[in-house]
Amino acid sequence: MPSGSFTAADFKVFEIDGFKARMEAIRSRIQPKLEVLGKGLVSDVAHATGAEAFAHVARHARRTVNPPDDTWVALGPDRRGYKKHGHFKVAVSRHCVRFLFEVGPEHADKERWAAAWRKSAPRLGPVFRRVGGLVWFKDEHDEDPAARLVDLDSEALVQLADELTRTRDGQIVVGRAVPSAEAARWTEAQHRAAAATTFRTLAPLYRLSRS
């Protein structure tokens, strides 16, 4: 049975040229580990959010030409899929592992979620700013964050809602990133602990998306 940890060679998969070759390496090396990690995190997410959770490993079914620069397991409240809901994600790419909460472009009601975030951000912001390493990403595939949450005042946090509704592809993505050189030394237990801690901190956003 594969472990839920990643080696230095796993991260180099994203250097492979060509769609077919990279996808074969993702399927053989990365996806089995994400399956294990996702299954292990289901109970942690359920405990943190008070609701049943389901793990979904990305299949990249819509891609046929350009190979993905990252891949992931998402955890959400729907057995059939995660994209229409706020969800957690463990994403692996060339230079890092990211532990994220996302409301993405396909969310079922972005306007309602954005309104709820505007109302809640002044209260939740100070909590998130007390946790080291939490950042905001402009895009779910970005390895480099746009800002640290500790650097965003209450007004700036409220305005993040605009990122979700400004365009059809709008999204809100927050979490933390661990450099691949560090993550390659972690055990499965360390990956799961980092994910569970991050998700527990961001659980109010998950519950907000369910309200």
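1. A residue is called buried when its relative accessible area is under 20%, exposed when that area is over 50%, and partly exposed in between, with a 1.4 Å probe and protein chains only. Histidine 56 has a relative accessible area of 12% and is therefore buried. Histidine 56 belongs to strand E1; helices (H or I, at least four residues) and strands (E, at least two) are DSSP runs, numbered from the N terminus. The side chain of histidine 56 comes to 2.8 Å from the backbone oxygen of aspartate 78. This is listed as a polar contact, a pair of N or O atoms within 3.5 Å; within protein, one must be able to donate a hydrogen and the other to accept it, and residues adjacent in sequence count only if both atoms are side-chain atoms.

2. A remark on the basis of these values is in order. The model is predicted, so local features need pLDDT of at least 70 and side-chain atom pairs count only at pLDDT 80 or more, while totals for chains, interfaces and linings use all residues. Residues are numbered from 1 along each chain as its sequence is written, and side-chain values use heavy atoms, with hydrogens and water left out.

3. The aromatic residues come next. A pair of aromatic rings is described by the distance of the centres and the angle of the planes. Rings of Phe, Tyr and Trp (its six-membered ring) pair if their centres lie within 6.5 Å; planes under 30 degrees apart count as stacked, over 60 as edge-to-face and the rest as tilted. Seven aromatic pairs are counted by this rule. One of them is edge-to-face, because the rings of phenylalanine 88 and phenylalanine 101 have centres 5.9 Å apart and planes at 70°. This pair links distant parts of the chain, 13 residues apart: phenylalanine 88 is in strand E3 (residues 87-93) and phenylalanine 101 in strand E4 (residues 96-103).

4. Are the two partners buried or exposed? Phenylalanine 88 has a relative accessible area of 0% and is buried; phenylalanine 101, at 0% relative accessibility, also counts as buried. Both belong to one aromatic cluster, formed by Phe88, Phe101, Trp113, Trp117, Phe199 and Tyr206.

5. Strand E4 also holds arginine 98. At 0% relative accessibility, arginine 98 counts as buried. Its C-alpha atom is separated by 16 Å from that of lysine 12, 86 residues apart along the chain.

6. A charge may also meet a ring. The charged end of lysine 89 sits over the ring of tryptophan 72, 4.2 Å from its centre. The rule requires NZ of Lys or CZ of Arg within 6 Å of the ring centre and within 35 degrees of the ring normal.

7. Empty space deserves a separate point. Rolling a probe the size of a water molecule over the atoms shows where empty space is left. On a 1 Å grid over the protein atoms alone, a cavity is a set of points where a 1.4 Å probe fits but cannot get out, and a pocket is an open set with protein on both sides within 12 Å along at least five of seven lines; lining residues have an atom within 4 Å of a point. Grid points are joined across faces, edges and corners, and a volume is the space filled by probe spheres set on the points.

8. The largest pocket has a volume of about 580 Å³. Of its 22 lining residues, Arg62, Trp72, Tyr82, Lys83 and Glu106 lie nearest its centre. Strand E1 (54-57), strand E2 (70-76) and E3 are the elements that give two or more residues to this lining. The lining divides into seven nonpolar, six polar and nine charged residues. Here Ala, Val, Leu, Ile, Met, Phe, Trp, Tyr, Cys and Pro count as nonpolar, Asp, Glu, Lys and Arg as charged, and the others, Gly among them, as polar.

9. The count gives one cavity of 30 Å³ or more. The largest cavity has a volume of about 50 Å³. Its lining residues include Trp113, Trp117 and Phe128. Three residues, the largest share of the lining, come from H3. The lining has nine nonpolar residues, no polar and no charged.
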